[in-house]
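Let's take a walk through this structure together. Please have the sequence and the 3D view open as we go.

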Amino acid sequence: MKVIDIINSAEKTQFSFELLPPLKGSNGDKLYETVDALLEFNPRYINITTHRDEFDFRTRPDGLIEKHIVRKRPGTVAIAASLQYKYGIPVVPHILCGGFTRSETEHVLIDLNFLGIENVLALRGDGLKTEPVFTPAPDGNRNANELVDQIVGLRSGKYLDPDLKNTAPLDFCIGVAGYPEKHFEAPNIDLDMLNLKQKVDAGADYIVTQMFFDNQKYFDFVDKCRAMGITVPIIPGIKPIALKNQLTVLPKLFSIDLPQEFAKELAAAKDNIAAKQVGTEWAIHQAKELVKRGVPSLHVYTYGLTDNVKEIMKAVF
Ligand SMILES: Cc1cc2nc3c(=O)[nH]c(=O)nc-3n(C[C@H](O)[C@H](O)[C@H](O)COP(=O)(O)OP(=O)(O)OC[C@H]3O[C@@H](n4cnc5c(N)ncnc54)[C@H](O)[C@@H]3O)c2cc1C
């Protein structure tokens, strides 16, 4: 089932969550345990992140430095398929521009179609740590709107090879990312939102937001989207803080603010256990208000944790 149909046919706020593939070398047990633990809350779909190749430099025994390709979390497509078949819950694998040629993207989409997966989240991805600015792969998509264009083209059987004889349409429901507090590279929120509109105009079915900790920022973002003619559903992404150091790590990683009151409480937490409780209570307070305002779905960035997510869901639904 397509996410857009799930949302449009729902009479109340739904629950969905995001998972990361396990680190290379680990098995999938933890992932299944996470899903098992959250099944009682009837998740309507599960997102699976994608992690591109990165590079590091290692010293060889002869002292020379060697460049290594590292993909820490491979397996998105296989995990997505495995979860969808095991649980019968639709999955939303993330598709990136960065690190992938348009041809590789087409092949992933063909694989997903064969696997019965109907949903994707189309993202640009971040630049490599070694790059001053994001650089697409040669013949890769440059921004998410180009990726959306490519995926939408396949709805009418537009493959990259114009001479292809068989052009069966591939019909994916497409989500894109939105940033209530602005994407970190955008010079201002208005330009960022024009770029967001471009993704929606290209054919995205819905928007899912970056995490935020101040609901007013989400409400203002939705108002701005509506004022500029973006009519698709806008799903809030919430992240229950679970570690004390996330007080400083998350703002840096995601270019977001923590409200002063929340930041103070976290700073006063004596250890990670206390910080997790503060984070859970804040997420409950956020989620209750979002549900009251009738958001389409509460999308939770679980980072593989479930005890706090369960506490939130029990309090909210
Ligand atoms: C819900 C969610 C899930 C995510 N999942 C992953 C994941 O699985 N893997 C991963 O690596 N990253 C993930 N990310 C992070 C995301 O890849 C980064 O935030 C990335 O830097 C931007 O991706 P985007 O799709 O928003 O890019 P874009 O929409 O392309 O925007 C990137 C920047 O370029 C600007 N821009 C957009 N279009 C144009 C244009 N046509 N011309 C000029 N400028 C333009 C925008 O204003 C913005 O500043 C996720 C983010 C979110 C919010």
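Predicted model: local features only at pLDDT ≥ 70, side-chain atom pairs only at ≥ 80, totals over all residues.

Begin with the ligand, which has 24 residues around it; Thr 50, Asp 126, Tyr 179, Asp 192 and Lys 199 come nearest. Two of these names return when you look at polar contacts. An oxygen atom of the ligand sits 2.5 Å from a side-chain N or O atom of Asp 126, and a ligand oxygen is 2.7 Å from a side-chain N or O atom of Lys 199. The backbone takes part as well, with a polar backbone atom of Ala 186 at 3.4 Å from an oxygen of the ligand. On its own the ligand has 970 Å² of accessible area, and the protein covers 84% of that.

Where does the shell around the ligand come from? Strands S5 (91-96), S6 (119-123) and S8 (206-211), together with helices H5 (144-155) and H6 (189-202), each supply at least two residues. Helix H6 gives the most, with four. By residue type, the shell has nine nonpolar, 10 polar and five charged members.

Ile 65, which is found in S4, has a relative accessible area of 56%; that is over 50%, so Ile 65 counts as exposed. The C-alpha atom of Tyr 87 is 8.7 Å from that of Val 35, although 52 residues separate the two along the chain.

Finally, the charges. Side chains of opposite charge can pair when their charged atoms come close. The structure holds 15 salt bridges. One of them joins Lys 2 and Glu 118, with the closest N and O atoms 3.6 Å apart. This pair links distant parts of the chain: Lys 2 is in the segment before helix H1 (3-9) and Glu 118 is in the loop between helix H4 (102-114) and S6, 116 residues apart. Lys 2 is buried at 15% relative accessibility, whereas Glu 118 is partly exposed at 28%.

Another salt bridge pairs Asp 307 with Lys 276 at 3.0 Å. Asp 307 lies in helix H11 (residues 307-316) and Lys 276 in helix H10 (residues 272-292), so the pair ties together parts 31 residues apart in sequence. Elsewhere, shared partners join Lys 2, Glu 118, Arg 155, Asp 171 and Asp 205 into one salt-bridge network.

Definitions and conventions:
Residues numbered from 1 in each chain as written. Heavy atoms only, no water. Near = heavy atom within 4 Å. Polar contact = N/O pair within 3.5 Å; in protein donor to acceptor, adjacent residues only side chain to side chain. Areas by Shrake-Rupley, 256 points an atom, 1.4 Å probe, with all protein chains shown as cover. Nonpolar A, V, L, I, M, F, W, Y, C, P; charged D, E, K, R; others polar. Buried < 20%, exposed > 50% of the residue type's maximum accessible area, 1.4 Å probe, protein only. Salt bridge = Lys/Arg side-chain N within 4 Å of Asp/Glu carboxyl O.
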